Amino acid sequence: MTFEEGIGDQQMLKDAIDSAPPSTGRSNLDKGLEEAQKLFDDRNGVRREAKDVLVIVTDKRSTGDNRNAKEVAMNLAKDGVKIITVAIGSGPDFSNLKIVTPIKDNILNATKESDSPTKIAEAIMGKAKQTGK
């Protein structure tokens, strides 16, 4: 799914997410950030009027190069991308999230069973609407 393909409404987004094949193993945070950086590249010419917000959701410790992840995240932030991280489940590593989030208040902790998807979504949208990186 790309911005160019467009998502018409919430149901289309949900269907796109539901149809994505599940991945196995651990996430590679620095590689994911590198891919995200491509989406925000001005040369892509996509959604220039949109606010640049990257939401990273994780449930485990990431693999990959933490130094590279921090460097890419710093470049994204320098380019005006707000990075919001969301820890879910019982195994997230908050040290990974602190590496890539310049504003520590943009690290959301949704590790309790009582954290409903609606509550998490509202928290993400609240952070996305705030000014600053």
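Predicted model: local features only at pLDDT ≥ 70, side-chain atom pairs only at ≥ 80, totals over all residues.
**Entry 1: helix H5**

I began with the length of helix H5, residues 117-129, whose 13 residues should span 18 Å at 1.5 Å a residue, and I found its end C-alpha atoms 18 Å apart, which agrees. I then looked up which of its residues are shielded, and noted Ile-120, Ile-124, Lys-127 and Ala-128 as buried. These four cover an arc of only 100° around the axis, which puts them on the same side of H5. On the face turned away from that buried side I found the exposed residues Thr-118, Glu-122 and Lys-129. Looking for what the buried residues of H5 pack against, I listed strand S1 (53-58), strand S2 (82-88) and strand S3 (107-110).

**Entry 2: nonpolar cores**

I next turned to the largest nonpolar core, which has 13 residues, and within which Leu-33, Leu-54, Ile-56, Leu-76, Ile-83 and Val-100 have the most contacts. The elements that give two or more residues to this core are helix H2 (29-39), S1 and helix H3 (66-78), and the largest share, four residues, comes from H3. I followed Leu-76 in particular and, leaving aside residues up to four places away in sequence, found that Leu-76 touches Leu-33, Gln-37, Phe-40, Leu-54, Val-81 and Ile-83. Apart from this core lies another, of seven residues, among them Ile-84, Val-86, Leu-108 and Ile-120; Ile-120 is also one of the buried residues I had noted in H5.

**Entry 3: salt bridges**

My search of the whole structure gave three salt bridges. In one of them Glu-34 pairs with Lys-31, with the closest N and O atoms 3.9 Å apart, a separation I set against the cut-off of 4 Å. Both residues lie in helix H2, three residues apart, about one turn of the helix; Glu-34 is partly exposed at 25% relative accessible area, and Lys-31 is partly exposed at 45%.

Glu-35 and Lys-38 form another salt bridge, with the closest N and O atoms 2.9 Å apart, and these two also lie in helix H2, three residues apart. I recorded relative accessible areas of 45% for Glu-35 and 49% for Lys-38, both partly exposed.

What does Lys-127 meet in a salt bridge? I found the side chain of Asp-105 there, at 2.8 Å, N to O. This pair links distant parts of the chain, since Asp-105 sits in the loop between helix H4 (94-100) and S3 while Lys-127 sits in helix H5, 22 residues apart. Asp-105 is partly exposed, at 48% relative accessible area, whereas Lys-127 is buried, at 11%.

Conventions: Residues numbered from 1 in each chain as written. Heavy atoms only, no water. Expected span 1.5 Å × (residues − 1). Buried < 20%, exposed > 50% of the residue type's maximum accessible area, 1.4 Å probe, protein only. Arc of directions from axis to C-beta. Contact = heavy atoms within 4.5 Å. Core = buried A, V, L, I, M, F, W, Y, C linked by side-chain atoms within 4.5 Å.
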